[in-house]
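Hello,

Here is the structure I promised to pass on. My notes on it follow below.

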Amino acid sequence: MAAAGAKRKQQRAAAAGGAGRRRRKAPDAEEKSWQKAGSKLNEEISSDSDAESPVFGGKRKKDHEAEEIEETAQEKKLRLAKVYLEQLRQQEEEKAEEEALERDLVAGRLKDDVLEQKGKLQRPVAKDLQPPDPAAIRVLRGHQLPITCLVISPDDKSVFSAAKDGSIIKWDVASGKKLHVIPGGKKGEAQHVGHTAHVLCMAVSSDGKYLATGDRNSLIMIWDGATCKHLYKFTGHRDAVSGLSFQKGTHQLYSASHDRSVKVWNVAENAYVETLFGHQDAITGLDSLSRECCVTAGGRDGTVRVWKIPEESQLVFYGHQGSIDCVQLINEEHMVSGADDGSVALWGLSKKKPLATVRQAHSRHGAQGLEQPYWISAVAALANSDVVATGSHSASVRLWKCGEGFRRLEPLFDIPLVGFVNSLKFSSAGDFLVAGIGQEHRLGRWWRIKEAKNSVCIIPLKRPGVGSSLPVGSAPPASSTPPPGSTPPPGSSPPVGSAPPTSSTPPPGSS
């Protein structure tokens with residue numbers, strides 16, 4: 001019995017222990033399931049939080065990158081050295097490109113200089129020129145009598161003009177204002193400092209230091225180019241001084257006269273050098289460039305002459321049928337001239353005949369059956385280019401293009417200007433053209449155009465992509481008047497633009 005009781009106690013104890021063990025197992029399984037669900041929830045929350053908060057993600061990324069970028073001092077030195085060498089290589093490449101560009105520019109300039117010295121330089125400018133707006137032409141009034149001559153300062157900032165009243169005016173190109181005025185004196189006025197007769201010609205030195213003017217009293221006066229102060233006077237010609245020009249880069253002055261001679265002066269030394277003879281009639285025009293030589297127009301002797309000063313020799317050219325009234329060098333080997341038979345001629349120094357001639361370059365005028373060509377009273381050339389301008393009393397200035405090799409002369413366009421165009425000059429940069437307008441021809445009074453205004457006209461030349469010191473379309477200064485031939489505002493006087501009278505008598509001996 002006792003053994004049976006003990007056995008039952010052991011069984012109850014074992015059963016109780018098993019139940020206890022089963023009770024302890026149940027919480028373990030439950031705990032595992034909750035842990036599993038919690039870890040899954042944690043994963044979802046962390047992924048959401050990563051997506052929703054880039055700050056923490058970016059921070060972890062930066063930390064990760066920082067760990068990867070960590071380098072030794074030696075590696076850092078090597079990396080910085082490579083960066084420095086790369087910078088040096090780029091700088092050297094840029095420097096080499098700049099030097100190559102500069103070499104090209106220098107080579108281009110040297111080539112132009114060589115061609116210029118040989119007289120073969122011909123820059124193609126004509127193809128870019130466009131007709132100016134007539135409203136943009138500025139008219140400067142100041143002289144009482146017809147303008148006879150003008151020059152532009154080497155820096156293109158001022159214009160000097162002179163007239164039959166003996167006055168000389170220095171104009172500011174930008175504003176159109178008078179900078180200096182040298183009044184003309186009365187005939188026989190001995191004490192007057194200046195001209196007392198028609199001023200026929202003028203020239204300015206290439207450095208702008210000296211201005212030279214010549215008049216009908218056979219006097220040449222030298223002025224300070226900046227202040228217009230009178231310096232000294234050259235006497236020696238026996239008739240009217242009709243042409244003046246400084247040799248480019250020097251103070252050597254050439255003068256031509258109606259006494260048929262050419263004289264050479266040293267202005268810096270206030271000295272006379274020599275006299276050259278050859279023309280058979282009054283010389284009407286003169287020009288020069290860098291070489292020690294000059295060209296002259298011989299009027300009714302029908303010749304253009306090139307004077308070689310060191311060799312004391314001359315070349316004689318024939319081509320016009322009338323009186324050759326004007327001549328201008330285009331470069332050292334080519335020139336253009338105009339005559340009262342209405343013709344314009346292009347010349348090469350290697351040939352005695354013109355390379356190209358245009359007859360009746362400004363058409364004809366006069367009653368039917370009595371028609372005659374418009375005289376060519378002025379020519380101008382843009383240095384070392386293919387552009388030439390001619391003037392007459394045909395109510396316009398005409399621009400021309402020189403063909404290749406200066407063997408053709410083709411009209412470009414006309415610029416309306418009423419009156420005698422007695423002088424024409426291009427600016428050095430080629431951005432404007434200046435015309436001296438008068439009611440009469442500079443050398444006489446064969447016609448008188450009453451509608452014309454004695455004035456200096458500044459004509460802006462439009463070239464695409466090239467800046468101009470005179471913007472096209474800019475308002476003229478208060479002292480300027482509308483250009484001759486333009487339409488005046490309502491209520492003003494009728495427009496100037498009528499043709500010159502045709503019933504006047506031509507000068508004796510004209511063709």
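Predicted model: local features only at pLDDT ≥ 70, side-chain atom pairs only at ≥ 80, totals over all residues.

**Salt bridges and cores**

Another pair joins Glu371 and Arg364 through their side chains, at 3.4 Å from N to O. Glu371 is partly exposed, with a relative accessible area of 41%. Arg364 is partly exposed as well, at 32% relative accessibility.

Now a pair in another setting. Glu440 and Lys164 meet in a salt bridge through their side chains, at 3.1 Å from N to O. Is Glu440 buried or exposed? Glu440 is buried, with a relative accessible area of 5%. Lys164 counts as buried too, at 6% relative accessibility. A network of salt bridges links Lys164 and Glu440 with Arg445 and Arg448. The search of the whole structure finds 12 salt bridges.

Next, the overall picture. The chain has three helices and 31 strands. Of its 511 residues, 46% count as buried. Among contacts with a separation of 6 or more, 51% are between residues 24 or more positions apart. The accessible surface comes to about 26600 Å², and carbon and sulfur atoms hold 53% of that.

On to the nonpolar cores. In soluble globular proteins, nonpolar side chains tend to be buried together. Here the largest nonpolar core has 24 residues. Which of them touch the most other members? They are Val387, Val397, Leu399, Leu417, Leu424, Phe426 and Leu433. Several strands each supply at least two residues of this core, including β25 (387-391), β26 (396-402), β28 (420-426) and β29 (432-438).

Val397 is worth a click. Leaving aside residues up to four places away in sequence, Val397 touches Ala389, Thr390, Phe413, Asp414, Ile415, Leu417, Val421, Leu424 and Leu433. A second, separate core has 17 residues, among them Ile330, Val336, Ala381 and Phe406.

Best regards

Technical notes:
Residues numbered from 1 in each chain as written. Heavy atoms only, no water. Helix = DSSP H or I, 4+ residues; strand = E, 2+ residues; numbered from the N terminus. Buried < 20%, exposed > 50% of the residue type's maximum accessible area, 1.4 Å probe, protein only. Contact = heavy atoms within 4.5 Å. Areas by Shrake-Rupley, 256 points an atom, 1.4 Å probe, with all protein chains shown as cover. Core = buried A, V, L, I, M, F, W, Y, C linked by side-chain atoms within 4.5 Å. Salt bridge = Lys/Arg side-chain N within 4 Å of Asp/Glu carboxyl O.
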